[in-house]
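Welcome, and please open the structure in your viewer.

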Amino acid sequence: MDPGQGTSSGTQKGAKKSDKEDPITLIYKKYRGVKLTLSKIPGLVEVLSDAEDADIEGDEPECDILCDLSSSEQDSFTESEDESEVEAPAPPRGKRTRPVPRGPKVGDALSRSNTPPIVDDFTANPGLTIPKPTTALQFVQIFFTRALVEYLTFETNLYASHIIHLVSETSRNQWKPVSVKEMARYLGLCQLMGIIKLPTMRMYWQTNKLWHARFFNVFMSSRQFQRIAKFFHAYNNKAVPENNSNRLIKVRPLMAYFTKKFAEVPKKELSLDEGTMPWRGRLSFKVYNPNKPDIYGIKLYMLAEGTSGYIYDFDVYSGIGKTTVETVMGLIEPLVNKGYHLYMDNYYNSVTLTEKLREVGVYTCGTLRLQRGARKDLQQQAKGKLASDTTLHRRKDNTFVIVWKDKRIVSLITNLHNADTTEIQRRKRICKRDRTTGLELATVNKLKAICDYNPFMKGVDHFDQMVKDDVPINNIFQDPFLLFMSRRKEVPVK
């Protein structure tokens with residue numbers, strides 16, 4: 001055979017010994033470098049058994065043939081178990097004379113598709129399910145109902161009856177069961193102490209000082225306040241199991257009560273983020289984070305509305321091992337199969353979590369750490385140098401993983417948007433001819449996913465800002481908690 005047709009002299013010499021060698025060895029020589037499963041080798045032997053030696057020594061097969069012969073690793077494992085008794089000879093080693101042609105990877109055409117994802121309609125009915133309150137007192141009574149005050153009164157008196165024999169005789173003689181009205185005033189004064197902040201508790205009842213607030217003495221004496229605080233309770237101690245591992249068992253009834261009340265007004269766009277409630281006392285699950293404004297405190301996972309910052313649900317980090325996926329799925333569980341849109345940052349997002357939420361009818365968008373499920377080729381491209389306004393994306397079913405370069409590289413995951421961009425106007429620093437810089441309006445391209453992520457991800461941050469706002473002292477009588485304590489006419493309301 002002519003060597004110019006693609007055969008080598010070594011191949012011609014091997015043809016003389018083809019009648020002495022095993023046909024399977026000849027097939028390995030011919031198709032070395034190609035993945036062949038044991039189930040397909042006998043079929044090739046039958047097809048090639050009647051062929052001449054010259055046909056075996058012909059040119060290498062085309063790419064289409066190689067693709068038909070190859071199969072996935074899963075097929076190779078399953079079929080090899082069925083035919084484990086057949087021992088195939090080891091293929092001869094040698095250097096490749098040319099690269100083996102490879103077919104396109106399965107799913108590449110789908111992974112680069114930019115077709116918009118399929119998003120179900122929003123079927124929930126957000127908003128108040130009760131008549132809209134008209135006064136500040138009615139707004140407060142939506143959450144602080146009479147049933148709640150009666151429950152706290154009962155648990156406080158029950159706890160006092162359990163340990164009253166352990167206190168001193170003086171305290172035992174002074175104790176009287178708390179009434180519902182006294183409990184309501186106690187809760188109101190506790191809320192008021194969060195607005196008027198004094199170094200010690202006794203300073204709130206001092207009458208001959210500049211910081212005197214006369215309404216504390218009007219509603220309750222200092223001794224009565226301290227007696228209620230000493231026995232204040234929200235859970236029966238004798239109902240706690242012996243091997244209890246729930247560190248929040250004594251406040252779980254209150255958390256469940258308020259969560260049920262909060263869940264009556266959610267909108268379509270929700271944001272999930274963590275927050276810290278300041279606390280420097282003794283607590284086993286107190287966290288320390290030097291990067292937060294409140295270094296010591298209790299960590300909360302909060303699910304809030306994307307625009308108003310209204311908290312829909314929350315979960316307290318109590319130091320017990322719980323994965324991020326379990327935390328998110330637990331918070332979003334009451335809202336499944338209603339078409340809600342959830343925005344999260346890269347602390348929570350992953351390809352696995354996005355797919356699980358999509359299965360229960362919740363759509364997500366947010367930043368992503370690429371090592372949490374993104375394809376390897378996209379991770380390598382993101383590490384390299386990209387020109388400004390460059391967009392790379394990969395798609396898996398309904399999920400998009402997008403890498404966008406503006407001033408720096410931003411990676412996102414979404415099943416609400418595709419990789420399209422839109423033109424926006426923003427201030428951009430421009431270098432002028434006189435070597436000075438200035439801000440001018442410029443038209444730039446921006447991902448649609450980022451245009452939705454930025455405003456809707458600020459829900460928890462907006463809540464933190466409202467909590468941190470200080471209430472002026474001259475508006476203290478407008479505080480609704482003071483109105484909740486009593487309707488006495490001597491309380492001036494401006």
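Before the first stop, one working definition: contact here means heavy atoms within 4.5 Å. Keep in mind, too, that this is a predicted model.

**Stop one: a helix and its cover.** Select helix α16, residues 351–359. Now highlight Val351, Leu353, Thr354 and Leu357, which are buried in this helix. They lie on the same side of α16, because the arc they cover around the axis is only 165°.

Before moving on, click on glycine 361, which follows α16 and has a positive phi, near 80°.

**Stop two: a pair of helices.** Next, select helix α9 (residues 146–163) together with helix α14 (residues 252–262). Their axes come within 12 Å and cross at roughly 180°, which means α9 runs roughly antiparallel to α14. To see the contact, show the side chains of Leu148, Tyr151 and Leu152 from α9, and those of Pro253, Leu254, Tyr257 and Phe258 from α14. The residues of this contact comprise seven nonpolar, no polar and no charged ones.

**Stop three: a glutamate in a strand.** Finally, go to strand β3, residues 296–305, and pick glutamate 305. Is glutamate 305 buried or exposed? Glutamate 305 counts as buried because its relative accessibility is 4%, under the 20% cut-off. Show serine 308 as well: its side chain and that of glutamate 305 are joined by a polar contact of 2.6 Å.

Key:
Residues are numbered from 1 along each chain as its sequence is written. This is a predicted model: local features need pLDDT of at least 70, side-chain atom pairs count only at pLDDT 80 or more; totals for chains, interfaces and linings use all residues. Side-chain values use heavy atoms; hydrogens and water are left out. Helices (H or I, at least four residues) and strands (E, at least two) are DSSP runs, numbered from the N terminus. Buried means under 20% relative accessible area, exposed over 50%, partly exposed in between (1.4 Å probe, protein chains only). A polar contact is a pair of N or O atoms within 3.5 Å; within protein, one must be able to donate a hydrogen and the other to accept it, and residues adjacent in sequence count only if both atoms are side-chain atoms. The arc is that of the directions from the helix axis to the C-beta atoms. Axes are lines fitted to C-alpha atoms, for helices over the stretch in contact, and angles run from 0 to 180 degrees between N-to-C directions. Angles under 35 degrees count as roughly parallel, over 145 as roughly antiparallel, 65 to 115 as roughly perpendicular and the rest as oblique. Ala, Val, Leu, Ile, Met, Phe, Trp, Tyr, Cys and Pro count as nonpolar, Asp, Glu, Lys and Arg as charged, and the others, Gly among them, as polar.
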